[in-house]
Amino acid sequence: MSRDPIRSPLPTLRPRWLATCLAGAALAGSLGWTSTVWASSQAQELARAEQRLVAILAQIERREINAALRAVAELTEEVPNFRAAQLLYADLLRMRTGSGPMGAQLAQTQTTPSTSNRSVADQSIAPPEFFQGLQSELQRRRQAAVDLPPPGMIPSNFLHLSPSVRHAIAVDASRSRLYVFANGPQGMELISNFYVTVGRNGVHKRAEGDQRTPLGVYFVGRQIPGEKLPELYGKGALTVNYPNDWDRLQGRTGSGIWLHGVPSDQFARVPQASDGCVVLSNPDISFLMESIDRRTPVLIAEKLDWVTPQWTTQQHKQDSFMQGLEQWQAAWRQGDTQRLSALYSAELAGAEPLSKRRSRLSSYGPLANLAIDDMSVYNWREAAGEIRIVNLHVATKGGNSPTVRQYWRKQDGRWQIFSEDVLS
């Protein structure tokens, strides 16, 4: 089935020197913060700093260089950990003297900047690599400003979200961008988007210590406030369930993949600098911690695939997987072991694990009386295979609503469950 065309606005061409100075145009403040009311005064100050930088960039576009220099000098003095503003200031000064951009020159040399110009978190990154990363950060921020997701589009991996899922998160690693969606009566709506940092060696995490960020569909676990964490994590962290059951099936190892903030001595990190976590500025992680529920889905993709909500609805209805899911529901309630065994992989078809899960669900009432209150379906496809992740909320008379999480895999043209658990 063909997908709806995606419209991408084209960036405006500018003189080379101006394009260098404007590399920071993709600012989180100009993209996601306008629709958000910040709770803390610190976040408000940082949001104003972003707005001030946007105004400075507009001055540069109008060739008001003297006014821009004065404004950026004030900004860097008042917000000294704003690295993008510092680099813009340096490049404006060097442009007036006819010199090349500061970041580009330092990236090509072994010049060692003062450690105060780099965060404590980035001391292990060599100076050339650090300044190349800072230049990349500016370019990606600019790209995000001129190439916003088409209005109304959502990531194709979110096939169906139940009403109980209030928010969803999607990370596009190729753009260093995190998108936050609200899920309401009218469907999913993009409400904010933020610049992020991923693993120092990029994505496709495979093993413990490889400094890569995993790709897949995960869920928020715990929320950890900053005061209970080392300075590296800033205002706090949201844990995610890497490795998930699909990762384990593929032999992937590692742990401790979080969404977290940055040390107080910096505003943001360069695009690839973490040990595998997704890192946001402190105002941004504070927003997530104030807004996001436990078990909120977190999609991490190398590049997001944007589609219309109508496409996902139609795809969900026509998906051959749905037939298998309906067969499972009927056979589970009826206790039809023969039909169930055909829907479970060899690892899960054994009587003992199936009996334990049935016993756990039976504690909420007779299986024949249990109904699927709502469900969410997420898809993931990679070279190793295609899967569906399903969260089923089981309605009970007692008011409890246990969640059954299943991982289905398409193998030899048939959908089978290779992992299943009843969540508390």
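The accessible surface of the protein comes to about 19200 Å², and carbon and sulfur atoms account for 49% of this area. The structure described here is a predicted model. Of the 424 residues of the protein, 53% count as buried. Among the contacts in the protein with a separation of 6 or more, 64% are between residues 24 or more positions apart.

The protein contains 13 helices and 17 strands. An open sheet is formed by 8 strands, with mixed pairing and the order 5-4-3-12-7-8-9-11. Strand 5 (187–195) and strand 11 (278–279) are the edge strands of this sheet, each pairing on one side only. Within the sheet, strand 3 (residues 167–172) and strand 12 (residues 297–301) run parallel and are joined by 4 bridges. In this pair, Ile169 stands opposite Val298 in strand 12.

Helix 9 (residues 282–291) lies across several strands, including strand 3, strand 4 (177–184) and strand 5. Strand 7 (216–225), strand 8 (236–240) and strand 9 (258–260) are also among the strands that helix 9 lies across.

Elsewhere in the chain, Arg83 lies in helix 5 (residues 83–97). Arg83 counts as buried because its relative accessibility is 9%, and the cut-off for a buried residue is under 20%. In sequence, Arg83 and Leu138 are 55 residues apart, while the C-alpha to C-alpha distance between Arg83 and Leu138 is 9.8 Å.

Technical notes. Residues numbered from 1 in each chain as written. Predicted model: local features only at pLDDT ≥ 70, side-chain atom pairs only at ≥ 80, totals over all residues. Heavy atoms only, no water. Pairing = 2+ DSSP bridges. Helix = DSSP H or I, 4+ residues; strand = E, 2+ residues; numbered from the N terminus. Contact = heavy atoms within 4.5 Å. Axes fitted to C-alpha atoms, helices over the stretch in contact; angles between N-to-C directions. Buried < 20%, exposed > 50% of the residue type's maximum accessible area, 1.4 Å probe, protein only. Areas by Shrake-Rupley, 256 points an atom, 1.4 Å probe, with all protein chains shown as cover.
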